[in-house]
Amino acid sequence: QEPQAPGLPEYVKIVEVGPRDGLQNEKVIVPTDIKIELINQLSKTGLSAIEVTSFVSSKWVPQMADHKEVMRGIERHPGVQYPVLTPNLQGFHSAIAAGATEVSVFGAASESFSKMNINCSIEESIERFEEVTKSARNMNIPVRGYVSCALGCPYEGNIVPDKVAEVSKRLYSMGCYEISLGDTIGVGTPGSMKKMLEAVMKEIPLSALAVHCHDTYGQALANILTAIQMGVSVVDSSVAGLGGCPYAKGATGNVATEDVIYMLNGLGINTGVNLYAVMEAGNFICTVLNKKTNSKVAQASFNTGTSN
Amino acid sequence: ATGAYPKRVKVVEVGPRDGLQNEKNVVPTPVKINLINMLSETGLQVIEATSFVSPKWVPQMADHTEVMQGINKLPGISYPVLTPNLKGFQAAVAAGAKEVSIFGAASEQFTMKNINCSIEESLERFDEVMKAAREVSIPVRGYVSCVLGCPYEGKISAAKVAEVSKKMYSMGCYEISLGDTIGVGTPGSMKEMLTVVMKEVPVGALAVHCHDTYGQALANILVALQMGVSVVDASVAGLGGCPYARGASGNVATEDLVYMLNGLGIHTGVDLQKLMDTGTFICNALNRKTNSKVSQASCRL
């Protein structure tokens, strides 16, 4: 841990999305008991938010078909949140019945992406989410809002920052406590990240913003650094960088939690997360998935021939 | 605060030397020459071509004279070569080199293990090269290795980096490239190190040479740019692993660097597509996958 650099947040909350976003985008479908073991290991690392599953119809997302069993099977550690995705009211009810105490809704800054992904316009998706946030409010369940394609869309290409700000504002106004801005195809750079955040920060308080960067073009850490320098203090990442990019076959997707923590440690920023424990969880899931980790820190640490 | 970025950045391409020297497979001379010729067409202004070190120590660079004499030397492009001592320097000049590089380090143990002498002794050797270079008006670039950490000593003091950099700059090196040799640096340690070095060497004479072994390279480069550094070393396709961490990556990929600089509106003069094509060529020749994420993503979208 280094002494803190001036101007940066003292603490950054890491939101671990490996078990949901990560596993959903892996080639191999993982058995329920493995998912539960992964989440239980992550619960012991110091992470305070672990996205565990998705209450979407198994017809659309077979990888998350075991959502109820996962929700019921995991250890619930005090001080750790276990949010789940709920695309609509039906999913929300199902999640609550299974014991969920926090949910997430996924919007997008691109009409084309919204249509292709969830088969409706942005406006229609907002209406669906409003049903969820209404119910959630009645039950004191916090809702996190995601905005996909914040820095670019696989169909529309360039996305205007004001559009991101507009959708973010809708989600925030309907009651989402936090808005996670996702660079869904990883095309963003520190330049576009800055412009987008400047637009969104006019509408949403900084403390309610998170960034969800994909490393498809190797830009994730530089983009996250830019966001942190602008005051963002919540960062999404995925253990071992689980989850490829469905829009660029063979390319990487989520940024690796280990690499994010390594950077934050080097900046003297507190995360509360034990890097080695996360590497071990990453090692576990990669062994099961029979794949190499996408985390460079893990690659370097497990292979180094000298004492570092 | 994010601060202002330089309007232009000079990208120093080290793939043909630093990259290939650290690849498992040795590449035949014609392939090396073709690689350099392709790089010469991308808009890059500096391409480190080879190393005039004894083939006993670095067999991958044994064909240094043939490479130097075989490449197309385009006007406006510099083709520096490594010269560890006077003998190497003379061989380099005889083979047509017009710019050379010398490699120092901020770590005594690294220097001992790497070139079998102390830092002080290495500087004495370099001084001989500097004198000879001055006489024939050959510019010399100085490298300082282990600026953010050493595989043997661990933590390296910024003051030591500044001391070695200053000595090399005072000797006559026109530029000092600060190398995070094992890629352990982070934006925190990069900032701290540069703050101290910039007290001794003007920022206009500084370059950063970041390794991506821990995935930190682009973030580290970003910080360096924010502090006014405008010269960045990189390797096409991210050629060159890390000899200190088996299987781990080494050099940052030029494609990924240029992608980021483009996104920041910083001028490099480099054509990203031509660069990616060059990366594809050398990866095929080496029978390996690229380390460039931009290249990996672009092929499939």
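**Pocket and cavities of the predicted model**

The lining of the largest pocket divides into 9 nonpolar, 21 polar and 12 charged residues. A total of 42 residues line the largest pocket. Those closest to its centre come from both chains: A:Lys292, A:Asn294, A:Gln299, B:Lys289 and B:Gln296.

Rolling a probe the size of a water molecule over the atoms shows where empty space is left. In the predicted model, 3 cavities of 30 Å³ or more were counted. The largest cavity has a volume of about 280 Å³. Its lining comprises 23 residues. Closest to the centre of the largest cavity are A:Asp215 and A:Gly218 from chain A, with B:Asp212, B:Gly215 and B:Lys293 from chain B.

Helices of both chains also contribute to the lining of the largest cavity. At least two residues each are supplied by α9 (220–229) of chain A and α9 (217–226) of chain B. The most is given by α9(A), with 3 residues. By residue class, the lining of the largest cavity holds 9 nonpolar, 8 polar and 6 charged residues.

Definitions and conventions
Residues are numbered from 1 along each chain as its sequence is written. Chains are lettered from A and ligands numbered from 1 in the order in which they are written. This is a predicted model: local features need pLDDT of at least 70, side-chain atom pairs count only at pLDDT 80 or more; totals for chains, interfaces and linings use all residues. Side-chain values use heavy atoms; hydrogens and water are left out. On a 1 Å grid over the protein atoms alone, a cavity is a set of points where a 1.4 Å probe fits but cannot get out, and a pocket is an open set with protein on both sides within 12 Å along at least five of seven lines; lining residues have an atom within 4 Å of a point. Grid points are joined across faces, edges and corners, and a volume is the space filled by probe spheres set on the points. Helices (H or I, at least four residues) and strands (E, at least two) are DSSP runs, numbered from the N terminus. Ala, Val, Leu, Ile, Met, Phe, Trp, Tyr, Cys and Pro count as nonpolar, Asp, Glu, Lys and Arg as charged, and the others, Gly among them, as polar.
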